[in-house]
Amino acid sequence: MTSLVDVSFFPRAAKPLASYRKFWAARFGTAPFLPISRAEMEQLGWDSCDIIIVTGDAYVDHPSFGMAVIGRMLEQQGFRVGIIAQPDWTSAAAFGVLGKPNLFWGVTAGNMDSMINRYTADRKIRTDDAYTPGDVGGKRPDRAAIVYSQRCREAFKDVPIILGGIEGSLRRIAHYDYWSDKVRRSIVVDAKCDLLLYGNAERAIVEIAHRLARREPIEHVTDVRGTAFVRRADDDTRLGWFEIDSTEVDLPGAVQSHINPYQTTAEQAARQGGNCAKEIASPDVALDEVAIESKLVAASATSISATGQLGVNSGLPVEASVQPVTFFANPSLPARAGKACVLQRERTVIRLPSYEQVRADPVLYAHANRVLHLETNPGNARALVQAHGAGVTARDVWLNPPPIPLTTAEMDQVFDLPYARAPHPSYADENGSHDHATKIPAWEMIRFSVNLMRGCFGGCTFCSITEHEGRIIQSRSEDSIIKEIEDIRDKVKRFTGTISDLGGPTANMYRLGCKSPEIEAACRKPSCVFPGICQNLNTNHDPLIAIYRRGRTLKGIKKILIGSGVRYDLAVQSPEYVKELVQHHVGGYLKIAPEHTEAGPLSKMMKPGIGSYDKFKALFDKFSAEAGKKQFLIPYFIAAHPGTSDQDMMNLALWLKRNGFRADQVQTFYPSPMATATAMYHTDLNPLTGIHRDDRAERVEIVRGDKRRRLHKAFLRYHDPNNWPLLREALKAMGRADLIGNGKQHLIPTFQPATDGSYQSARRKNSTPVVAPSQRAGQGARPGQLLTQHSGMPPRATGAERTKPVKNFNNHRPR
């Protein structure tokens, strides 16, 4: 295990987080909670904060909440960190409650993109917010990162603003915005922040904090990996870079056929539609041309003078002699004796199509998206630059390469920080409890869970984990994980002996990665498991099995469940892991995510075929039977994903009925910023197969419009009588009326029971009752009209409880 702690997979090792000299304020010690008021600052003996973090989430001091991780990491470095959680954004007053920060503002929208947090996939406003006490909606604004940054600037104009979080990560270049249905500028431009930190920010924020503490101007901090910022044309720091122009899609050049050695020159010319003028010219004309050519050659003949100077026999003076050409080495290229020069990737920048270009041209948008995703491996990624504006407003948004992943020792350092593992006491009810009216659902979800690692190499196109956490797995040590389990057992209130999850973005990628560090640092594949598992990928699950076994033997631990989604195509590579999982760590149900059954949409998602699911299910059933347990798989599917046809959804519905599944919680495709699937949705093109302007470009079928999106969702809920009229109409239009009938072979029956159109879910809060027209009268809104804060209007008060999405707050959706 020791050998894995300090391994660096990259040619240029990053400075360790533990190697910085602590800031002088470390003498104040560790705070029980980072202060959110002046009174708490005074109790700690502080007269000011060095750094103030503004967040759209309630402050929960837990390693699953971004503001706590960054705040505690900076505190460990000796800085005094304050938190302003969910401030009133209607004025700048709430942003001055802790006074002026000495070094910088840290701004984040929270653990979720604020637009995804506030709106459903149908662009309807949510009435709830799982990151707010009491699950109350409306405590954060739309595009919270931009709003908070503007208020911070208004409160203290001269304090640098450093933007972070997933909202910033996913909007770091010009991006398609689903809610406004247009391409928006980089959030760096709209928020007017000094720096944007994307991805895992611990390494970058620590370096920046220490440099600002040494009074280095924020304008000079342009060389930190994982950052984005605005560069003007007169910025000298842009010098010394070799720029690759990728502002246009490559076009094929003229194709020249091979010369036929058996044809004469005249025959070659005739074949190309021309002729040989000299051969068909008259002899007199040919002689005249030769004479003229001879005179020109004589007039331009050069000679070396007696003094050794180069002169010209054309009557020109010697002073006008041609000067020797001097060659200079390109500073952007390395000096390599005896070898061809190769561009230094770390001093190379790729110029993407400008914001104005990608806004006007879907082909260039898809091209920019493809280039961005090719430059995500920290081992070989190059800097990117994208122009915004023209004339006096022209500026470049510059993206440095992604941050170097944390080592195992650094991951342990992050997760071993002195978290209180609870919400701030100010959120407690009158009894000092966080379990009733003021409960924070997101914290409740991860209260008794442990995160093993970060990152995901699955590369699912609808998911943003790769863009934010990267595809290289960063794992904790076994001892650190066991210590956290013991801390939960000993310190967290209401613990009953069950660990709710031991996972990450994916349950079973712990310590998995490339067998060769050299290959991993050079690889540019978007996925290690699509279209098949890479031959260089280590799929050994033994370290994870060892943690499961050691964890469940701890005193006071009754059960360890796996709540994160299992990547089943990896799991079947280790039947021993599947046996361990099924017989000891499944609480009756296990979540997996096939997403679909048909090859068309699966290829656009970069997900394995349904055959991998069948193999996993066979192992699951076998080991469940051996243990004498009756357990079930809960598969997740996506409706209306790019590349999905009505026929595909019909086939999926037939598969669900044939296998006895009745989906209760259904997810419709949600185009999140910067995802590859979102680029497909916006452009109708497939960036995975290359972007072209001719017939070589692969077109993708897109599901647009409310009616068709409802149809695809209805296929997943084929058993709901409210969906039968829509399905009957669609099946008849598709020529599949044979699926309408009352037999087992039919998808939906011919009869129609009386229904009210409501959606009834097993979870009461997921049910959506229908509001009668009489109840809507007098509200000033037409039926079907969408009135939201996002469009500048207040939401309709219908009295109906909106459908809530299924969220895995610890590690997103199962992969």
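Keep in mind that the model is predicted.

Let's start inside. The largest nonpolar core has 160 residues. Which of them touch the most other members? Ile 485, Leu 502 and Phe 616 do. Take Ile 485. Leaving aside residues up to four places away in sequence, Ile 485 touches Val 450, Ile 499, Leu 502, Gly 551, Leu 554, Ile 557 and Ile 560. There is also a second, separate core. That one has 36 residues, including Ile 52, Ala 94, Ala 144 and Val 159.

Now the cysteines. Cys 456 is buried, at 3% relative accessibility. Then Cys 463. Its closest cysteine sulfur is also in Cys 460, at 6.1 Å, so the two are too far apart for a bond. Cys 463 counts as buried too, at 9% relative accessibility.

Next, strand S15, residues 395-399. Is S15 mostly covered or mostly open? Covered: five of its five residues are buried. In a regular strand, side chains alternate between the two faces of the sheet. In S15, Arg 395, Val 397 and Leu 399 are on one side, with Asp 396 and Trp 398 on the other. Both faces are covered.

S15 has partners. With S9, residues 227-231, S15 pairs in the antiparallel sense over four bridges. Arg 231 has Asp 396 as its bridge partner there. With S14, residues 383-388, the pairing is antiparallel again, over five bridges. Here Leu 384 stands opposite Leu 399. Six residues lie between the strands of the S14 and S15 hairpin, and Gly 389 takes a positive phi near 85°.

Last, charges. Side chains of opposite charge can pair when their charged atoms come close. The whole structure has 50 salt bridges. In one of them, Arg 351 meets Glu 243, with the closest N and O atoms 2.9 Å apart. Arg 351 is buried, at 15%, while Glu 243 is partly exposed, at 39%.

Glu 375 and Arg 382 form another, at 2.8 Å from N to O. Glu 375 is buried at 5%, and Arg 382 is buried at 16%.

Asp 490 and Arg 489 form a salt bridge as well, at 2.8 Å. Asp 490 is exposed, at 54%; Arg 489 is partly exposed, at 27%.

Finally, a network of salt bridges links Asp 113, Arg 143, Arg 171 and Asp 177.

Definitions and conventions
Residues are numbered from 1 along each chain as its sequence is written. This is a predicted model: local features need pLDDT of at least 70, side-chain atom pairs count only at pLDDT 80 or more; totals for chains, interfaces and linings use all residues. Side-chain values use heavy atoms; hydrogens and water are left out. A nonpolar core is a set of buried Ala, Val, Leu, Ile, Met, Phe, Trp, Tyr and Cys residues joined through side-chain atoms within 4.5 Å. Buried means under 20% relative accessible area, exposed over 50%, partly exposed in between (1.4 Å probe, protein chains only). Contact means heavy atoms within 4.5 Å. A disulfide is a pair of cysteine sulfur atoms within 2.5 Å. Helices (H or I, at least four residues) and strands (E, at least two) are DSSP runs, numbered from the N terminus. Two strands pair if DSSP finds at least two bridges between them. A salt bridge is a side-chain nitrogen of Lys or Arg within 4 Å of a carboxyl oxygen of Asp or Glu.
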